[in-house]
Amino acid sequence: MSISLSLASIEQKLSQHNGQYATARTTRPALAAYATPTALLQALDAKATTTESERYALVAAIVAAHHAKPHAVWTSLLLLGFAPMLHRLRGQFRDADRDQRVLLAFMEAIGSDAVVSAGSFATAAIRRATEKILFAPRALQELEPEGKPFDENKHSVRDPLAPTEAELRTEAALAARRIAQREADHAAARTRVRALPVRRRRAA
């Protein structure tokens, strides 16, 4: 079954998990404002009134709930919330099993310790973990660009995965800091070398 059909089926069945969700949200403050899984899913929508930081916090809360007590409601919310990324990754493979490949990689990623330990950075951790699983050396051999890319805006409006300006600025700042530190270390090393006493040669 294609990713599109799988996600459509999951979304249709989301209300079946209302009971489990209602129990869990009483112990998770980040979810308290959303009475049902459907309401929470709507809050993950990029066009919703929730801020980017709030959406990241919701993803982190869903991940924490999933690791505390795995249930279909949490995997369903994560699959639906990350739909644009799943479609984008699918488009980078040519084999007939690409839909299943992407879905399985995502499920493995959200179950990893690296994702749950990421806390508020769970959104980025899920993206990186999924890509790491998919683009292993064997998977890279099957990559092939397609002529018609998936239109994320047309097919899904939820995209908690796109790197933000803040993330990009942070990564750039860290890279610049590492370069500056290396240059400072090299300068200090040159200074120490120049400061060493010159040993004079004895006259013959």
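1. Let's start with the overall make-up: the chain has 12 helices and zero strands. Read from the N terminus, its elements run α-α-α-α-α-α-α-α-α-α-α-α. Please keep in mind as you look around that this is a predicted model.

2. Next, some totals for the chain. It has 204 residues, and 35% of them count as buried. As for contacts between residues at least 6 apart in sequence, 69% join residues at least 24 apart.

3. How many of the 10 residues of α5 are buried? Nine are, so α5 is largely enclosed by the rest of the structure. If you want to click through them, the buried residues are Val73, Trp74, Thr75, Ser76, Leu77, Leu78, Leu79, Leu80 and Gly81.

4. One partner of α5 is helix α7. Here α5 covers residues 72–81 and α7 covers residues 98–110, and the two pack at an angle of about 120° with their axes 11 Å apart. That angle makes α5 oblique to α7. The crossing of α5 past α7 is right-handed.

5. Which residues of α5 and α7 make the contact? From α5 come Thr75, Leu78 and Leu79, while α7 brings Leu103, Phe106, Met107 and Ile110. Sorted by class, this contact has six nonpolar residues, one polar residue and no charged residues.

6. Helix α1 (residues 3–12) packs against helix α6 (residues 83–90) at an angle of about 160°, and their axes lie 10 Å apart. Angles over 145 degrees count as roughly antiparallel, and α1 and α6 are therefore roughly antiparallel to each other. In this pair, too, α1 passes α6 in a right-handed crossing.

7. On the α1 side, the contact with α6 uses Ile3, Ser4 and Leu7. On the α6 side, Ala83, Leu86, His87 and Arg90 take part. By class, the contact of α1 with α6 has four nonpolar, two polar and one charged residues, whereas the contact of α5 with α7 has no charged residues.

Methods: Residues numbered from 1 in each chain as written. Predicted model: local features only at pLDDT ≥ 70, side-chain atom pairs only at ≥ 80, totals over all residues. Heavy atoms only, no water. Axes fitted to C-alpha atoms, helices over the stretch in contact; angles between N-to-C directions. Helix = DSSP H or I, 4+ residues; strand = E, 2+ residues; numbered from the N terminus. Parallel < 35°, antiparallel > 145°, perpendicular 65-115°, else oblique. Left-handed = near helix turned anticlockwise from the far one by under 90°. Contact = heavy atoms within 4.5 Å. Nonpolar A, V, L, I, M, F, W, Y, C, P; charged D, E, K, R; others polar. Buried < 20%, exposed > 50% of the residue type's maximum accessible area, 1.4 Å probe, protein only.
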